[in-house]
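This briefing is intended for a reader working with the coordinates at hand.

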Amino acid sequence: MARKIMQALLFPFALSVLLVGVYTAAMHAPTPHQMKVAVAGPQAQTAPLAASL
């Protein structure tokens, strides 16, 4: 009886451990890569921001 319960609980436990491991590995240091940025607004206000980017 206890063996069947353990077998039934092993799959969800292993799946949750794998899910946490995959998310941790994939998102440990997220940074944007080749992201295009657009600055919209009046030229007088956006020029300093666009120059700093």
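Glutamine 34 lies in the loop between helix 1 and helix 2. The model described here is predicted. Its chain contains two helices and zero strands. With a radius of gyration of 24 Å, well over the 10 Å that the globule rule gives for 53 residues, the chain is more spread out than a compact globule.

**Loop between the helices**
- Glutamine 34 has a phi near 50 degrees, which is a positive value in a residue other than glycine.
- Most residues other than glycine have a negative phi.
- The relative accessible area of glutamine 34 is 83%, over the 50% cut-off, and glutamine 34 is therefore classed as exposed.
- Methionine 35 is also placed in the loop between helix 1 (2-26) and helix 2.
- Because its relative accessible area of 60% is over 50%, methionine 35 counts as exposed.

**Nonpolar surface patch**
- Methionine 35 is one of the residues in a nonpolar patch on the surface, together with Val37, Val39, Leu49 and Leu53.
- The accessible area of these patch residues together is about 510 Å².

**Threonine 46 and its contacts**
- Threonine 46 belongs to helix 2, which covers residues 43-52.
- Its relative accessibility of 10% is under the 20% cut-off, so threonine 46 counts as buried.
- When residues up to four places away in sequence are not counted, threonine 46 touches Val39, Ala40 and Gly41.
- Of these contacts of threonine 46, Val39 is also a member of the nonpolar patch.

**Overall dimensions and surface**
- The C-alpha trace of the chain spans about 75 × 15 × 10 Å along its principal axes.
- Buried residues make up 2% of the 53 residues of the chain.
- The chain exposes about 5,300 Å², and 71% of this area is supplied by carbon and sulfur atoms.

Conventions:
Residues numbered from 1 in each chain as written. Predicted model: local features only at pLDDT ≥ 70, side-chain atom pairs only at ≥ 80, totals over all residues. Heavy atoms only, no water. Helix = DSSP H or I, 4+ residues; strand = E, 2+ residues; numbered from the N terminus. Rg over C-alpha atoms; globule rule 2.2 N^0.38 Å. Buried < 20%, exposed > 50% of the residue type's maximum accessible area, 1.4 Å probe, protein only. Areas by Shrake-Rupley, 256 points an atom, 1.4 Å probe, with all protein chains shown as cover. Contact = heavy atoms within 4.5 Å. Patch = residues over 30% accessible without salt bridge, like charges linked within 9 Å, V, L, I, M, F, W, Y side chains within 5 Å. Salt bridge = Lys/Arg side-chain N within 4 Å of Asp/Glu carboxyl O.
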